[in-house]
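Hi,

Here is the model I promised to send over.

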Amino acid sequence: AAEEAPSTSRGAGSSQEARSSSSQGSRRAEASPEVGPRSQQQLELKVAELVQFLLIKDQKKIPIKRTDILKHVIGDYKDIFPDLLKLAAERLEYVFGYKLVELEPKSNTYILINTLEPVEEDAEVRGDQGTPTTGLLMIVLGLIFMKGNTIKETEVWDFLRRLGVYPTKKHLVFGDPKKLITEEFVRQRYLEYRRIPHTDPVDYELQWGPRTNLETSKMKVLKFVAKVHNQDPKDWPAQYCEALADEEARARPETSGPAPSS
Amino acid sequence: MKVGVALGAGGCSDDLSYGEASIDPSLLGLAGDEEKCRKIRKKYRQLIYNVQQNRDDLVNTVSDSLTLALEEADVLFDGVSRTREAALDAQFLVLASDLGKEKAKQLNCDMSFFNQVAFCDFLFIFVGLNWMEEEHEELSGFDDNIVLSFWDTVQKEASSWILQAETFHFIFGSFKSKPAPRPRLEHLKKALKMEENGDMPAKLRKLDLSNNQETTEKEVERILGLLQTYFQKYPDTPVSYFEFVIDPNSFSRTVENIFYVSFIIRDGF
């Protein structure tokens, strides 16, 4: 389906750019304060547009590039981009309960994560949000972690086969499972997909991606696996220790906070 | 690296002396050397091939075949004197070290063994699927509904362990931006159609109107008939207007009913 794109004051897409740049030129000739104080209303409008833009771009769960933000929303307001982003992030947090985080330090790409802990009752209210891929994702993440943070693609398919998920067969819920796991999840940065050298036939390995570490944690995934087994997470001592160490590392105050950097 | 028969490097050795032989000594040495090197290369390639083929066995923590392969390469290396063979040796080493890494990783995992087959079974139990039926080896053997409910249940549980932001959608959808040239094309198409069906609109219009009037009159009369029948049956009870006109299942029908009844009211029956 085509992406829903809100029309911004900057105009839908780059077709408007020529017009705006010419008006810019005339403004410059008048020597009017383009970089000067903009009205509160204009700023409000820009922040609102930015919030809308981020929400819609997040639909596909593909990290949002800073260049896209600058091109489609910010435009002339480039000089105050950090402030606009900060205001938009605040609004997203207070109104929607979402946190705007940079995927990796200095990557200049952003994602939205939920700040609210999921509640049992939410599951009933949540309607059809498209394909329920989170279940499959969690299973794969669990597999990867429990097998030592990396797993071969062939092992994944061996496992999923018993759940009726095949790389080559169309699936009732997931459509093309191979594409989902090796392409979509990778594009969304939940997984990393790398070729293993010297394998014949060629095999790939799957690991956690940066988004996974932001949206969930080793401890949470371990608890999910434990819940399925109806056992205690401590029943897997090595994995439990690893998860515990990860929790401690997270609890330590980070030197570069998750807030959007300028 | 042992310097074997130095003749191979292109220089002349003073150790060998072939006396009055017609063959050039350097050439002879070269040929013998060449044969040796070819053998070494062949052995290396054989070793690499074996290692690749028996990869699973080598990576197995119990077997020491990787160690044996390394020892074999060590022996081979003693005979290496040229870059070609050394390159093969290096290739083997890279392969062996990758396998060694895998082997080591397996050792780690053995500590807290995670049984993925059991994980699978537990998933079914977690969802509540009866696993008694032997005929269904795997989930795809089951009904579509069961498959859907399986993934639904897993989804619900999984969602509580991950902080995913809900995908944002406008409730009533949004305007999809249409590219500029399209309206022009549509306009052209419409203009063409109009020209072709020049006669049609006039005819249809006439028909339409008459059709409408008939329908209205017919409906009004029908409703009047209904009301009269009702009053013949129950002469003393008045009819509630709302109960009469409202169709609880259809808003448009209700509006139509109100419209027709208004004629009756206007005409004062």
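**Where chain A meets chain B**

Between chain A and chain B there are 13 residue pairs in polar contact, with both residues at pLDDT 80 or more. Please keep in mind that this is a predicted model.

Several elements of chain A each supply at least two residues of the side that touches chain B, namely α2 (40-57), β3 (109-114), α5 (122-125), α6 (134-146), α7 (153-161), α10 (218-229) and α11 (237-251). Of these, α6(A) gives the most, with eight residues. By type, the residues on that side of chain A divide into 34 nonpolar, 15 polar and 15 charged.

As for the overall extent, 64 residues of chain A are in contact with 50 residues of chain B. The two chains bury about 5,700 Å² between them, and carbon and sulfur atoms give 62% of that area. On the chain A side, the residues that lose the most area to chain B are Arg162(A), His198(A) and Val228(A), which together make up 13% of what that side buries.

Arg162(A) also turns up among the charged pairs: its side chain meets that of Asp121(B) in a salt bridge, at 3.2 Å from N to O. The count of salt bridges between the two chains is two.

**A patch on chain B**

One more thing to look at: Tyr241(B), Phe242(B), Ile246(B), Ile258(B) and Ile265(B) form a nonpolar patch on the surface, and their accessible area together is about 500 Å². Two helices of chain B, α9 (241-245) and α10 (251-267), each give two or more residues to this patch. Ile258(B) sits in helix α10.

Best wishes

Definitions and conventions: Residues are numbered from 1 along each chain as its sequence is written. Chains are lettered from A and ligands numbered from 1 in the order in which they are written. This is a predicted model: local features need pLDDT of at least 70, side-chain atom pairs count only at pLDDT 80 or more; totals for chains, interfaces and linings use all residues. Side-chain values use heavy atoms; hydrogens and water are left out. Contact means heavy atoms within 4.5 Å. Buried area is the accessible area (1.4 Å probe) that two parts lose on being put together, summed over both. A salt bridge is a side-chain nitrogen of Lys or Arg within 4 Å of a carboxyl oxygen of Asp or Glu. A polar contact is a pair of N or O atoms within 3.5 Å; within protein, one must be able to donate a hydrogen and the other to accept it, and residues adjacent in sequence count only if both atoms are side-chain atoms. Helices (H or I, at least four residues) and strands (E, at least two) are DSSP runs, numbered from the N terminus. Ala, Val, Leu, Ile, Met, Phe, Trp, Tyr, Cys and Pro count as nonpolar, Asp, Glu, Lys and Arg as charged, and the others, Gly among them, as polar. Patches are made of residues with over 30% relative accessible area and no salt bridge: like charges are joined within 9 Å, nonpolar side chains (Val, Leu, Ile, Met, Phe, Trp, Tyr) within 5 Å. Accessible areas come from the Shrake-Rupley method with a 1.4 Å probe; for residues, only the protein chains shown count as cover.
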